[in-house]
Amino acid sequence: MSRVGKKPIVLPKGVDVRVETGEVQVKGPKGSVSAPILAGMKVAVKDGKIEVVRQGEEKRDKAFHGLNRALLQNAVTGVTEGYRRAIDLVGIGFKAEKKGTEVVFTCGYSHPVRFPEPPGVTIDVAADPKAKEITHIVVTGVDKQKVGETATKIRAIKPPDPYKLKGFRFVGEVLKKKAGKATGK
């Protein structure tokens, strides 16, 4: 029994949903997103609500029921509120600069790292006024998967060092500092 899949998705004002073969197109004030209709699922729009109904009772169908409903909910949330992921660049000399449709990172390598902005995702760069050496990057967009994937790729440019805790980290990420090498007697 999928409790998540049975909940209907309430459509806010200004959101238009079209059910097509194999996918659902969701349009709203922030943009448009398409969500897939998984195998064994049926999607219906009634009275300002989206309902996902499974056609079988197999274990796979029950698992896909909740997943398909969650994907549709993410699409509706994305076109109304949008998604954002924030990253801090912690380290002396670490900085980012936006040039056109790409972001150029200076992060301790012998060369600057260029990161192109993917379509459907916006990357904003701002220096944190409270801290001298922390640059703040915000990744925003309507597609939750693209925003998370882009933020993870940016973080992978210079992951946090476990000994000094320098590097790119998500805002709110808790890091555990490792002890250095213990010397002899």
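Predicted model: local features only at pLDDT ≥ 70, side-chain atom pairs only at ≥ 80, totals over all residues.
Reader: Which residues of α2 are buried?
Author: In α2, the buried residues are Asp61, His65, Gly66, Asn68, Arg69, Leu72, Ala75, Val76, Thr77, Gly78 and Val79.

Reader: How many residues does α2 have, and what is its reach from first C-alpha to last?
Author: The helix has 22 residues and reaches 33 Å between those two atoms, close to the 32 Å expected at 1.5 Å a residue.

Reader: And what follows α2?
Author: Glycine 82 follows α2, and its phi is positive, near 85°.

Reader: Turning to the largest pocket, which elements each supply at least two residues of its lining?
Author: They are β4 (31-36), α2 (59-80) and α3 (144-155). The largest share, 4 residues, comes from β4.

Reader: Which residues line that pocket, then?
Author: The lining consists of Val33, Ser34, Ala35, Pro36, Leu71, Asn74, Ala75, Val142, Asp143, Lys144 and Gln145. Ala75 is also among the buried residues of α2.

Reader: What is the lining by class, and how much space lies in the pocket?
Author: The lining has 6 nonpolar, 3 polar and 2 charged residues. The space in the largest pocket is about 180 Å³.

Reader: Now β7: is it mostly covered or uncovered?
Author: Strand β7, residues 83-90, is mostly covered, with 6 of its 8 residues buried.

Reader: In which sense do β7 and β13 pair?
Author: The pairing of β7 with β13 (residues 167-170) is antiparallel, over 4 bridges. Within β13, phenylalanine 170 stands opposite isoleucine 87.

Notes
Residues numbered from 1 in each chain as written. Heavy atoms only, no water. Buried < 20%, exposed > 50% of the residue type's maximum accessible area, 1.4 Å probe, protein only. Pairing = 2+ DSSP bridges. 1 Å grid on protein atoms, 1.4 Å probe; cavity = no way out; pocket = protein on both sides within 12 Å on 5 of 7 lines; lining within 4 Å. Points joined across faces, edges and corners; volume = space filled by probe spheres on them. Nonpolar A, V, L, I, M, F, W, Y, C, P; charged D, E, K, R; others polar. Expected span 1.5 Å × (residues − 1).
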